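Here is a short report for a reader meeting this structure for the first time. Please look through the sequence and the model before reading on.

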Amino acid sequence: MARRRRAEVRPVQPDLVYQDVLVSAMINRIMEDGKKNLASRIFYGACRLVQERTGQEPLKVFKQAFDNVKPRVEVRSRRVGGSTYQVPVEVSARRQQSLTLRWMLAAVDGRPERTAIERLAGEIMDAAQGRGGSIKKKDDIERMAEANRAYAHYRW
């Protein structure tokens with residue numbers, strides 16, 4: 001039986017304003033129903049708001065927020081002899097990016113501000129300062145991995 005190979009990863013093109021692939025990935029995650037222009041307006045509007053409120057370069061603030069939310073370890077379920085253990089494993093770089101963007105947008109959806117631009121800007125600024133919903137999610141995941149460190153020998 002032939003082994004299945006992983007699908008090749010399509011390279012993400014850098015965005016037009018900052019020439020950054022991470023920004024492009026974020027815009028792609030914001031996008032719903034193929035409306036990339038709207039997603040771009042939301043992200044760049046949030047960047048303008050971050051610039052106004054913090055006085056710092058918005059790309060730098062976004063990258064700081066991204067690095068603060070990025071998980072180092074997570075737990076994976078592993079079945080051993082009839083029992084299921086939550087085994088802590090290190091997170092690959094690609095999965096770190098996808099989890100970070102997912103958590104940030106989930107936290108944006110739960111924020112109380114009125115417009116999507118204000119919610120995204122608020123979450124980016126909060127995450128850059130080490131607080132907010134996405135940071136809480138990361139801390140919960142890493143705390144769970146720390147609590148299950150005794151099962152690390154079941155790693156595969």
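## Basis of the model

This is a predicted model, in which local features need pLDDT of at least 70 and side-chain atom pairs count only at pLDDT 80 or more, while totals for chains, interfaces and linings use all residues. Residues are numbered from 1 along each chain as its sequence is written, and side-chain values use heavy atoms, with hydrogens and water left out.

## Overall fold

The protein chain has 6 helices and 2 strands. Here helices (H or I, at least four residues) and strands (E, at least two) are DSSP runs, numbered from the N terminus. Read along the sequence, the pattern is α-α-α-β-β-α-α-α. The C-alpha trace spans about 55 × 40 × 25 Å along its principal axes.

The protein chain holds 156 residues, and 40% of them count as buried. Buried means under 20% relative accessible area, exposed means over 50%, and partly exposed lies in between (1.4 Å probe, protein chains only). Contacts (heavy atoms within 4.5 Å) also reach along the sequence. Among those between residues at least 6 apart, 62% join residues at least 24 apart.

## Helix 1 against helix 4

Two packed helices are described by the angle between their axes and the distance between the axes. Axes are lines fitted to C-alpha atoms, for helices over the stretch in contact, and angles run from 0 to 180 degrees between N-to-C directions. Helix 1 (residues 21-30) and helix 4 (residues 93-109) have axes that come within 10 Å and cross at roughly 50°. That makes helix 1 oblique to helix 4. Angles under 35 degrees count as roughly parallel, over 145 as roughly antiparallel, 65 to 115 as roughly perpendicular and the rest as oblique.

Helix 1 passes helix 4 in a right-handed crossing. A crossing is left-handed if the near helix is turned anticlockwise from the far one by less than a right angle, and right-handed if clockwise. Helix 1 brings Leu-22, Ala-25, Met-26, Arg-29 and Ile-30 to this contact, and helix 4 brings Gln-97, Leu-101, Arg-102, Met-104 and Leu-105. These residues divide into 7 nonpolar, 1 polar and 2 charged. Ala, Val, Leu, Ile, Met, Phe, Trp, Tyr, Cys and Pro count as nonpolar, Asp, Glu, Lys and Arg as charged, and the others, Gly among them, as polar.

## Helix 3 against helix 5

The axes of helix 3 (residues 58-69) and helix 5 (residues 116-128) come within 7 Å and cross at roughly 65°. This crossing is left-handed. Val-61, Phe-62, Gln-64, Ala-65, Asn-68 and Val-69 of helix 3 meet Ile-124, Ala-127 and Ala-128 of helix 5. The contact residues comprise 7 nonpolar, 2 polar and no charged.

## Aromatic pairs

How many aromatic pairs does a search of the whole structure find? It finds 4. Rings of Phe, Tyr and Trp (its six-membered ring) pair if their centres lie within 6.5 Å; planes under 30 degrees apart count as stacked, over 60 as edge-to-face and the rest as tilted. The rings of Tyr-18 and Tyr-44 have centres 6.1 Å apart and planes at 45°, so this pair is tilted. Tyr-18 lies in the segment before helix 1 and Tyr-44 in helix 2 (residues 36-54), so the pair ties together parts 26 residues apart in sequence. Tyr-18 is partly exposed, at 22% relative accessible area. Tyr-44 is buried, at 17%.

Tyr-85 and Tyr-151 also form a tilted pair, 4.7 Å centre to centre with 40° between the planes. Tyr-85 is in strand 2 (residues 83-90) and Tyr-151 is in the segment after helix 6 (133-147), 66 residues apart. Tyr-151 is partly exposed, with 31% relative accessibility. Ring pairs also link Tyr-18, Phe-43, Tyr-44 and Phe-62 into a cluster.

## Single residues

Most residues other than glycine have a negative phi. Gln-19 has a positive phi, near 55°. Gln-19 sits in the segment before helix 1 and is exposed, at 54% relative accessibility. Asp-33 also has a positive phi, near 55°. Asp-33 is in the loop between helix 1 and helix 2 and is exposed, with a relative accessible area of 76%.

Lys-136 lies in helix 6. Lys-136 counts as exposed, at 52% relative accessibility. The C-alpha atoms of Lys-136 and Ala-107 are separated by 9.4 Å, and the two residues are 29 apart along the chain.
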